[in-house]
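Please read this briefing alongside the sequence and the model.

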Amino acid sequence: MKKTKRTFVLLLLLAAILIVIDIPENLKFVIPFGSSKQTITLNPPSINTTLFGMKIQKKFTTHLGLDLAGGTQVSLEADMTGIKDADKQDSLESAKQVIERRVNFFGVSEPVVQSAVSGTTYRILVELPGVTNTEEALALVGQTANLEFREMIEDTIDASTAAYLVPTMENTKSVGISGKDLKKSTIQFNSKSGEPEVGIQFTPEGTKKFAEVTKQLIGKRLAIFLDDVIVTAPTVSTEIADGEAVITGSFTVDSAKKLSIQLNAGALPVPVKVVEKRTIGATLGAESVLKSTRAGVIGLGLVALFMIIEYGWLGVLADLALIMYGLITFALYRLIPVTLTLPGIAGFILSIGMAVDSNILIFSRYKEELRKGKPSAIAMELGFGKAWESIRDANFTTIITSIILFNPGNWSFLPTSGLVRGFAATLFIGVVTSLFTGIVVTRTFIRVLYKGPKVMKGEQS
Amino acid sequence: MIRFSKYIWVYVCISALVLIPGMYSLVRFGLRPSVDFTGGTLLEMKFSKSLPAGTIESIAKSEQFPVITVQTIGGSSYGIRAGVATDEEITKFQTAIASKTGETPELLKKDTVGPILGSELLFKSVVASLLAVTAILLYVAYAFKNIKFGVSAILALIHDVLVVFGSFSLFGHFFGIEVDTLFMTAFLTTMSFSVHDTIVIFDRIREYRKKDPRGNIRDLSDIALNETMGRSLINSFTIIFMLLALVLMGGESVKWFAVALLIGTITGTYSSPFVATPLVILWDYLENRKKQH
């Protein structure tokens, strides 16, 4: 009994923590303060501390999927014809990084850029919350990376800072070499200093052009632009005729690798084509959130009422467990975080129905044991024991199905759609949490707060 | 105690009544696949007031926009289904609509799915369903170590799947409801639900068989059904409450998904005592008759 009480206190503590995590964003309170009014805005907490040298940063906010927040989702398929098998993965990665950079540059908040390889198809999935102009979005992600070599129109050293002029698109002009002339770029290490550097290799045609350009530019700087943004501007020391060049600088392994990938992106312009694009207006999303939340609340109210009518005081306890269930699942959505989609909300609502089921199974077993004449406390423990097997077996199949739908291995032969996954995630979390609340929470609540039936004694005789 | 096993013919009639129209419709009309499966463009536009019938169609015709169907979705919103259209075509079509109707509709949704992706999704859904059925089958076989129970549970599952597909075939034919990714999800969830209830009942029968190994399956199932019926109904009611709220108030985008889940839940609850259990009883009866001969 002592242990049960401890569990009960722990559960209350957990509930308090969960409530803090689950606070709605921008919750406003207006408190009359004398003649003036004080407005307090509450937000879910965020952690930003350093613990044992590890930086922990976490914001407990709800992540809404595109179908709720509004936005555009684009699936691009890379055309890999003419690209060697060994290079396919790399070029997809480069393309992904370029798109990521462009999207970030564009200022989209919380964008998602993912590469997906299945069999012989190479795809990039881009999610742009808040962007509803698809043409704009496509212009952003659809083009291939554009690498360009440019020379300085007039290169001067700033007298005051003794530094070179920063090359821009305005103060440079094209030398006629672009990404198409580049064969490959790799990260390598200087044979003398061991420092990382970036090697580039030109195509035969590029080699010719490059030799000519470097011959003219000896002693001058050659600026390399990627998507109109300066990457580097090394000074040409000799004419390079073998089509191989090395970009040195104060690179770290990481930055050299990054540049190499960027150059490859320009060098291997993988043509991409749009295979799917979906746009959802922001109002539709907001409306869906409102409506489904309202539906959820009403449904939940009905279920709670139903439980009380059917089971009396036990029903109240089950409802308390249900509230606990709601708090836990919502906190998990924020902690993991789970991106909430409309089907996800449906999954959550559905799992509430199933969470109640464990309680119903337990209560009906309990009533049966009571009818057999067992004392209440023993009947309850027996009820829990007997119901557990059914609860486990019955929920097991739902868990299997939700795992298949979620496709954790990212297998290409299973659905990878975000909508389906959103549903599977909430259903899975819901079922697993319901096992916990059904067995631990309800049981503890009953042990502590329930002192046997008053109404049901009549049934016993 | 109600002798549920006395009325097997009633259950057969009810199932037949639901299954036959659905099956007929499935064979005759099939399902209406959405752009998710066929590829194409789907536009959803919201106007301030409803348009005269055929307005959008005639604009599409004069603009040569490849419209296939136009549907009203909740009042003054329209779902326009078309072949794969480019952004320029869509913009041109929108401009034409704005100039002809005198208002710029709000674009709620604009989906374009390439044909490759559609067939891919179909393949993936089939694989996912097969995988789920196999997993459920294995689990039931493992849990009951008895082919009679396992096969009956799976037959009840097939019954439920047919009910869901059949009703959506009918919805498709009469209301133009399409089968999309979400439907596939609902259908897969139905499968796990269907087994959920069946397992609870079979668990009871198993429990009684342990106590009374020579007991007649028919009597044992009647006891089990009497004991679990209350719980089954209560549980289904709670799920049905939630789903019904979603169907009635959840808005257009989730409505038919919730309907699919609702039908799945109802048939899943029904099939456990009235399809799966009678099947076990019948199987047992036939087995015993064979032995006696």
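Two strands pair if DSSP finds at least two bridges between them, and helices (H or I, at least four residues) and strands (E, at least two) are DSSP runs, numbered from the N terminus. This is a predicted model, in which local features need pLDDT of at least 70 and side-chain atom pairs count only at pLDDT 80 or more, while totals for chains, interfaces and linings use all residues. Residues are numbered from 1 along each chain as its sequence is written, and chains are lettered from A and ligands numbered from 1 in the order in which they are written.

**Strand pairing and a helix in chain A**

- Strands E13 (residues 182-189) and E14 (residues 196-202) of chain A run antiparallel and are joined by seven bridges, with Ser185(A) having Ile200(A) in E14(A) as its bridge partner.
- Six residues lie between E13(A) and E14(A) in this hairpin, and Gly194(A) in the turn has a positive phi of about 75°.
- Helix H7 (residues 282-311) of chain A has 30 residues and reaches 43 Å from first to last C-alpha, close to the 44 Å expected at 1.5 Å a residue, where the expected span is 1.5 Å times one less than the number of residues.
- After H7(A) comes Gly312(A), with a positive phi near 65°.

**Domains of chain A**

- Chain A is divided into domain 1 (66-146 + 272-278), domain 2 (148-255) and domain 3 (282-460), with bounds that come from an automatic or database domain assignment.
- Eight residues from domain 1 of chain A and ten residues from domain 3 of chain A make up their contact, two residues being in contact if their C-beta atoms, placed from the backbone, lie within 7 Å.
- On the domain 1 side of chain A, helix H2 (66-69) and strand E7 (112-118) of chain A each give two or more residues, and H2(A) gives the most, with three residues.

**Contact between the chains**

- The contact takes 54 residues from chain B and 57 residues from chain A, and the largest share of the chain B side, 13 residues, comes from H8(B).
- Strand E18 (residues 272-280) of chain A and E4(B) run antiparallel, joined by five bridges, and Arg278(A) stands opposite Asp111(B) in E4(B).

**Around Ala346(A)**

- Not counting residues up to four places away in sequence, Ala346(A) touches Phe423(A) of chain A, together with Leu246(B), Val254(B), Phe257(B) and Ala258(B) of chain B.
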